[in-house]
Amino acid sequence: MRPIIAAAGVLILMGACAPEPEEAPVPVAQAPSAAPGQAAPPDDRAIADCKARSGEMQRVGLLGSWQCIVRYADAGKRCTDGDQCQGDCRAGTDLPPPPRSGEPAPPATTPPPTPTEGVCQADSNDFGCYAVIENGQARPMICVD
């Protein structure tokens, strides 16, 4: 009886190692139009919703994902807090860039707080490097990829 059970066990294990059947290829007409590694283009509904908000579909970020980017009417207006803007209040471009990958961060210093003025962001695209101004103070710079 034991040899039959052992033989059945071997057959079960061999079946577990068998290759899975190949899937049928997708016809070209149904294949996504995005290149490998890229986000698929937005559908008609997403484009219509974006246009209804006066936006424009754009590829953003390192991965090139599609997002609806809306321009803000108060772009460039001076501000000291995001509550004064449609988007964020951002520090000007005179801030030092963040350290590059692999480089040590500059020594941490805590200067006395001073009021900071920024400008209202131009559009809803949150990718890039920037510092947000809140309550007259610049927050640490961030980079969104």
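This report walks through the fold, strands, core and salt bridges of a predicted model.

## Overall make-up

The chain has 145 residues, and 19% of them count as buried. Its secondary structure comes to two helices and nine strands. Starting at the N terminus, the order of elements is α-α-β-β-β-β-β-β-β-β-β.

Among contacts with a separation of 6 or more, 53% join residues 24 or more positions apart.

Strand E1 covers residues 55-60 and strand E2 covers residues 65-70. The two pair in the antiparallel sense, over six bridges. Methionine 57 has cysteine 68 in E2 as its bridge partner.

Together E1 and E2 form a hairpin, with four residues between them. Glycine 61 sits in the turn and has a positive phi of about 75°.

## A three-stranded sheet

Another group of strands forms an open sheet in the order E3-E5-E4, with antiparallel pairing. Its edge strands are E3 (78-79) and E4 (89-90), each pairing on one side only.

E4 and strand E5 (residues 118-120) run antiparallel and are joined by two bridges. Here arginine 90 stands opposite valine 119 in E5.

## The core around cysteine 79

The largest nonpolar core has seven residues. They are Cys79, Cys85, Cys89, Ala91, Cys120, Ala131 and Ile133.

What does cysteine 79 touch, leaving aside its neighbours within four places in sequence? Its contacts include the core members Cys85, Cys89 and Cys120. Cysteine 79 is also in contact with Gln84, Arg90, Thr116, Glu117, Gly118 and Val119.

## Salt bridges

The count comes to six salt bridges. One joins arginine 78 and glutamate 117, with the closest N and O atoms 2.9 Å apart. Arginine 78 lies in strand E3 and glutamate 117 in the loop between E4 and E5, so this pair ties together parts 39 residues apart in sequence. Arginine 78 counts as exposed, at 60% relative accessibility. Glutamate 117 is partly exposed, at 45%.

A further salt bridge links aspartate 49 and arginine 45 (4.0 Å, N to O). Both lie in helix H2 (residues 44-52), four residues apart, or about one turn of the helix. Aspartate 49 is partly exposed at 42% relative accessibility, while arginine 45 is exposed at 64%. Glutamate 134 pairs with arginine 139, the closest N and O atoms being 3.2 Å apart. Asp88, Arg90 and Asp126 are linked in a network of salt bridges.

Methods: Residues are numbered from 1 along each chain as its sequence is written. This is a predicted model: local features need pLDDT of at least 70, side-chain atom pairs count only at pLDDT 80 or more; totals for chains, interfaces and linings use all residues. Side-chain values use heavy atoms; hydrogens and water are left out. A nonpolar core is a set of buried Ala, Val, Leu, Ile, Met, Phe, Trp, Tyr and Cys residues joined through side-chain atoms within 4.5 Å. Buried means under 20% relative accessible area, exposed over 50%, partly exposed in between (1.4 Å probe, protein chains only). Contact means heavy atoms within 4.5 Å. Two strands pair if DSSP finds at least two bridges between them. A salt bridge is a side-chain nitrogen of Lys or Arg within 4 Å of a carboxyl oxygen of Asp or Glu.
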